[in-house]
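Subject: Structure for your review

Dear colleague,

Please find the structure below, together with its sequence. A short account of the findings follows it.

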Amino acid sequence: MPYITIKQSPAYLQITFEEIIYFALEDLGKYVSANTTNTRTYFTDNVNPRLLENTDIEGMISLLCSFNQSNEALYDKDRASLYRTFHIPKRSGGLRRIDAPEPELMSALRQLKVLLEQNMFALYHTSAFAYIRGRCTVDAIKRHQRNESKWFLKLDFADFFGSTTPRFVMSMLSLIFPFSEIVKRQDGRDELSKAIGLCFLNNNLPQGTPISPFITNVMMIPLDHKLSNGLRNFDSRRFVYTRYADDLLISCKFDFDKDKVLAFVSDTLREFKAPFSIKPDKTRYGSSAGRNWNLGVMLNKDNQITIGHKKKKHFKAMLDNYTRAKKAGSSWDLHDVQVLSGLISYYRMIERDYINYVLKTYSEKNQCDIEAGIKADLSA
């Protein structure tokens with residue numbers, strides 16, 4: 001009973017599953033837009049024979065075998081010696097451990113990621129938004145905005161990366177096409193398991209590698225599908241579910257029984273024998289009438305996504321300080337200019353009209369072109 005995920009534009013939702021799988025995989029581009037981050041996941045009893053005929057399982061296993069053989073030296077080394085470990089501050093306090101691969105391992109993990117993405121069509125559920133090109137936190141919040149949600153339940157997984165094991169990843173991949181077909185063959189299971197094992201350190205998925213985030217999105221397809229579909233009309237109400245790494249956001253237009261929803265999420269985790277669980281101290285429920293901060297932005301009572309009053313005040317102070325320094329003939333450090341440039345891009349993505357207005361106002365007030373000045377400083 002595999003999960004089949006394909007990229008698909010909302011404009012093509014009228015295409016039936018049977019129409020999709022009737023064509024060879026290489027022909028799907030005629031019917032599915034490649035210029036979209038949306039996906040569709042289907043849960044089927046059996047893979048359609050036509051789809052199997054046009055999927056080169058033998059070739060996929062051969063690629064895995066070649067990957068393992070070309071990186072045999074890495075398997076023989078002490079895994080810890082292939083990482084540099086350091087810690088960075090968490091936004092919520094404390095330190096986050098980062099295990100960064102040494103160049104040789106980094107290259108191999110990047111190669112494996114490309115192999116899985118391009119040759120085995122490994123994707124993500126459309127409810128996932130972290131670590132995906134063309135998607136960001138704002139895109140996740142927009143899903144809830146379109147639903148005009150007013151009540152929100154925020155959940156966090158405890159030790160999401162650290163508790164993820166090779167065994168759990170393999171159990172999830174065995175439910176996801178085409179891995180579900182690869183593991184039916186012993187040589188396929190052996191080669192896939194060996195390749196996936198290279199991504200782990202001390203039996204845990206390390207943070208700091210190019211493939212760890214990708215693996216979490218792939219392995220979560222069955223859970224994301226079950227949660228998204230189950231919550232769509234949960235308790236006779238329409239809910240919206242999104243996941244950004246280990247942050248889950250569930251919303252509805254109306255007040256709802258959070259404990260009932262929480263029980264459904266917990267039951268789903270147990271159903272798939274997930275090694276991680278909900279972090280009780282990070283669980284939050286409330287309405288948009290309050291301080292409705294999610295993923296760094298606020299969806300307020302007027303159903304508008306905003307950066308909030310404090311961030312706006314701080315942003316204007318940065319612009320004022322920057323223009324004052326320019327007029328005085330002094331320059332900011334490159335890092336500070338990069339931070340300001342990044343904030344402009346990020347805030348503009350959230351509140352374009354407001355940010356454009358502020359930039360124009362401060363440029364006219366100080367008789368300078370702020371963005372031109374930043375561009376010149378960055379290229380100096």
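Leaving aside its neighbours within four places in sequence, with which residues is Thr323 in contact? They are Asn366, Cys368 and Ile370, where contact means heavy atoms within 4.5 Å. Thr323 itself is found in helix H13 (residues 309–327). Its relative accessible area is 0%, so Thr323 is buried; buried means under 20% relative accessible area, exposed over 50% and partly exposed in between, with a 1.4 Å probe and protein chains only.

Two remarks on the basis of these values are in order. This is a predicted model, in which local features need pLDDT of at least 70 and side-chain atom pairs count only at pLDDT 80 or more, while totals for chains, interfaces and linings use all residues. Residues are numbered from 1 along each chain as its sequence is written, and side-chain values use heavy atoms, with hydrogens and water left out.

Regarding the chain as a whole, the protein chain has 16 helices and 11 strands; helices (H or I, at least four residues) and strands (E, at least two) are DSSP runs, numbered from the N terminus. Along the principal axes, its C-alpha atoms fill a box of roughly 70 × 55 × 45 Å. Of the 380 residues in the protein chain, 49% are buried. Among contacts between residues at least 6 apart in sequence, 73% join residues at least 24 apart.

Helix H3 (residues 57–70) has 14 residues and reaches 20 Å from its first C-alpha to its last. This is close to the 20 Å expected at 1.5 Å a residue, the expected span being 1.5 Å times one less than the number of residues. The buried residues of H3 are Ile57, Gly59, Met60, Ile61, Leu64, Phe67 and Asn68. They pack against helix H4 (72–76), helix H5 (103–119), helix H8 (179–182) and helix H9 (186–197).

Phe276 also deserves a look. This residue lies in the loop between helix H12 (258–271) and strand S8 (284–287). Is Phe276 buried or exposed? Its relative accessibility is 3%, and Phe276 therefore counts as buried. Leaving aside neighbours within four places in sequence, Phe276 is in contact with several residues, including Phe157, Phe160, Phe168, Met219, Met220 and Leu269. Phe276 and Phe256 are 20 residues apart in sequence, and their C-alpha atoms are 25 Å apart in space.

Yours sincerely
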